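The tour below goes selection by selection.

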Amino acid sequence: MKQKLETIIVDDDILTLHYIKKIVKTSPIGGPVHTSENGKLAFDVLENRNADFDSILVFLDINMPVMDGWSFLEMLQEKTYKDKIQVVMVTSSTDPADKEKSNKYPQVIGYLEKPVYPQVFTEIYDLFDKNIVLTKNKKALD
């Protein structure tokens, strides 16, 4: 049985939020799509869901006001529903240290540098459409 997938797009750039949301909405997955302009607002979405979801895919920027992507990931580690969350970092950071740091979090399944093209998101959603849900970041297990 396929899982019900929800998506949260977290980015302080409004254009990026709308761009990714449009791509996600046209994917074959369906399911609710939430947007947040920082990590705190994204956490509010998660907490208001009361863990009543099968799986949530988060497209997460790193550098944002109020709560950045790293703080979001740190807070996520304390939540009982953390294993239901999968994160794809979508960032303008080209710093190799950021990519390496993302490997420390088991929920992070991908790291994309902006600009990102629609076919990349389509490929990610195809994995979920085929019910191929990644559960662990391979490097995080090493």
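**Stop one: the strand E3**

Select E3 and show side chains: Ser 55, Leu 57 and Phe 59 point one way, Ile 56, Val 58 and Leu 60 point the other way, and all are buried. Buried means under 20% relative accessible area, exposed over 50%, partly exposed in between (1.4 Å probe, protein chains only). E3 covers residues 55-60, and six of its six residues are buried. Strands (E, at least two residues) and helices (H or I, at least four) are DSSP runs, numbered from the N terminus.

This is a predicted model: local features need pLDDT of at least 70, side-chain atom pairs count only at pLDDT 80 or more, and totals for chains, interfaces and linings use all residues. Residues are numbered from 1 along each chain as its sequence is written, and side-chain values use heavy atoms, with hydrogens and water left out.

**Stop two: the partners of E3**

E1 runs parallel to E3, joined by six bridges; strands pair if DSSP finds at least two bridges between them. Find Ile 8 opposite Val 58.

**Stop three: Thr 7**

Select Thr 7 in E1. Its relative accessible area is 1%, so Thr 7 is buried. Show its contacts (heavy atoms within 4.5 Å). Beyond four places in sequence, they include Val 24, Leu 57, Phe 59 and Tyr 125. Thr 7 and Val 24 lie 17 residues apart in sequence and 8.1 Å apart, C-alpha to C-alpha.
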